[in-house]
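Please describe this model for someone new to it.

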Amino acid sequence: MHIVFAASECVPFAKTGGLADVVGALPREMVKLGHEVTVYLPLYARVRPLLSEGNGGKSREAVQSITIPFRYYNRFAAIVDGGRREGVQFYFVDCPELFDRPELYGTAGGEYADNAERFGLFCRAVVEATKWLGVPEVFHVHDWQAALISVYLRTTYADDSALHGAAAVLTIHNAAYQGKFPPQTTEQLLFPWSLFTMDKLEQYDRFNFLKGGIVYSDLLTTVSRKYAEEIQTAEFGEQLDGILRMRGPDLRGILNGVDYARWDPAADNNLAAHYTAENLQGKRACRADLLHAFGLEAVGDGVPVMGIVSRLATQKGIDLVSRIAEELVSRDVVVTALGSGEPIYENFFRGWAFRHPGSVAVRVGYDDALAHKIEAGADMFLMPSRYEPSGLNQMYSLKYGTVPVVRATGGLDDTIEEWDADARRGTGFKFAGYDPKDLLAAVDRALEAFQDKEAWARLMRNGMALDYSWEGPAREYAEVYEEAARRRA
Ligand code: ADP
Ligand code: GLC
């Protein structure tokens, strides 16, 4: 079966979060299962240098010009051939006025004002491009940025015989990001006003990309079983729970996998040393390397190191961390944190490190190599998310023998099992209430368990032994594609 992936992020081209990891790994896995996969991405400024490598500085156009009409003008997008990598074909939508910018979605000053036009164009260009380059059996579209593909297929392009048989599957990686724009977006993107109703594209008087995808896709998935249930409730549904309950029978929860080609302490190029569950020796060198990277060389041998790698958004529960910050440093523990995002959380981390040099160290920014070093060098990984659709970092932590301390929500709840010292079972520490006391209690359970070296080694190995590779999830996606295609036929 031919599947077209459309998304706004994909490693190694452009990444702000886990979406990029997923789109970078799942297509390869589908190819292994015998499917043909094409991935479409926007051609951001940061992508251009990666494309011209090895081609004499020039990139190759697969389609020279696609006309995308807007209300008062046309835009023209080229489709650049990114070549085949590990069996997966990549194409990039090139529209420099919209994508040749330093960031993906916006700057510290705010979201780009024309994001509806940018991702509206992206979606329509992908649909058009497939008519030249191959209409798939299934379009697999990711998050709000690609969600309008499903809408275009069933509205603007409903009578196009070339596209008629193509099914659409939407994966919701995060229901809180919906792509909400003013009502006029309807006519800017040349949709009839009849679509701006609450059973279609309208949501509280806004034009809502994600809602459109939810309404018009043949099947929906999200990235863990627990989150699939959660988003059908008012607490987690971000005001889309009504429509998600209506489409509940068509919604599947498929937990994300881990790309062990990129995240494995036995082969990770970013580390000072390699290690495995059988031979944990190298992890000591990784700890020293991590402490060195954060200027914490003076930290004593037996002191547990806690790691945080996070987008600094409300979702990630950083406000809970801030409320136990002073108590936490009164324990015998050091904290190494990497993150960037909302200024309020960046400033909390800066202040915390400033007050406690020697036990709290922070890097504000985005740094892939350092993220790997933290996964390897820390003893514990803190992820107290308010909600977490899947979460990848806790699964990376398991593989790296870095024990996760997590809140029992979404994919965190699905992947981490509380440590039971008597039975010697479990992989981490979990708390349920969104409450600083509960977080601190979980951290204290972890610190206590850390004192028993032998038990701790068992706890580490329990996590390292788990297999969260993409093989299983890829099979589940294959079933979803087949079901979607059957329904279309
Ligand atoms: P989310 O997608 O909600 O941010 P995930 O746990 O699914 O959460 O994925 C986050 C991904 O982004 C991981 O690969 C993580 O290592 C990476 N990441 C997050 N923040 C940073 C950062 N500041 N520097 C480097 N990598 C980061
Ligand atoms: C989103 C979610 C995260 C998930 C990622 C990839 O960014 O916040 O939990 O792992 O998408 O699906």
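The shell around ligand 2 divides into five nonpolar, seven polar and two charged residues. This is a predicted model. Of the 14 residues around the ligand, those that come nearest are His 173, Asn 256, Gln 315, Glu 388 and Gly 391. Helix α1 (residues 18–32) gives the most to this shell, with three residues. Domain 1 (2–257 + 471–488) contributes residues, and domain 2 (281–464) does too, so ligand 2 lies between them.

| Residue | Atom of the residue | Distance |
|---|---|---|
| Asn 174 | polar side-chain atom | 3.4 Å |
| Ser 390 | polar backbone atom | 3.0 Å |
| Gly 391 | backbone N or O atom | 2.8 Å |

Taken alone, ligand 2 exposes 310 Å². The protein buries 93% of that.

Now the aromatic side chains. The structure holds 24 aromatic pairs. One of them is stacked: Tyr 152 and Phe 191 sit 5.0 Å apart, centre to centre, with 25 degrees between the planes. Tyr 152 belongs to helix α5 (residues 143–154), while Phe 191 is in the loop between α6 (185–188) and β11 (202–203), so the pair ties together parts that are 39 residues apart in sequence. Both Tyr 152 and Phe 191 are buried.

Phe 207 and Phe 209 form an edge-to-face pair, at 5.6 Å centre to centre and 75 degrees between the planes. Phe 207 and Phe 209 are buried as well.

Conventions
Residues numbered from 1 in each chain as written. Chains lettered and ligands numbered in written order. Predicted model: local features only at pLDDT ≥ 70, side-chain atom pairs only at ≥ 80, totals over all residues. Heavy atoms only, no water. Near = heavy atom within 4 Å. Polar contact = N/O pair within 3.5 Å; in protein donor to acceptor, adjacent residues only side chain to side chain. Areas by Shrake-Rupley, 256 points an atom, 1.4 Å probe, with all protein chains shown as cover. Helix = DSSP H or I, 4+ residues; strand = E, 2+ residues; numbered from the N terminus. Nonpolar A, V, L, I, M, F, W, Y, C, P; charged D, E, K, R; others polar. Domains from an automatic or database assignment. Phe/Tyr/Trp six-rings, centres within 6.5 Å; stacked < 30°, edge-to-face > 60°. Buried < 20%, exposed > 50% of the residue type's maximum accessible area, 1.4 Å probe, protein only.
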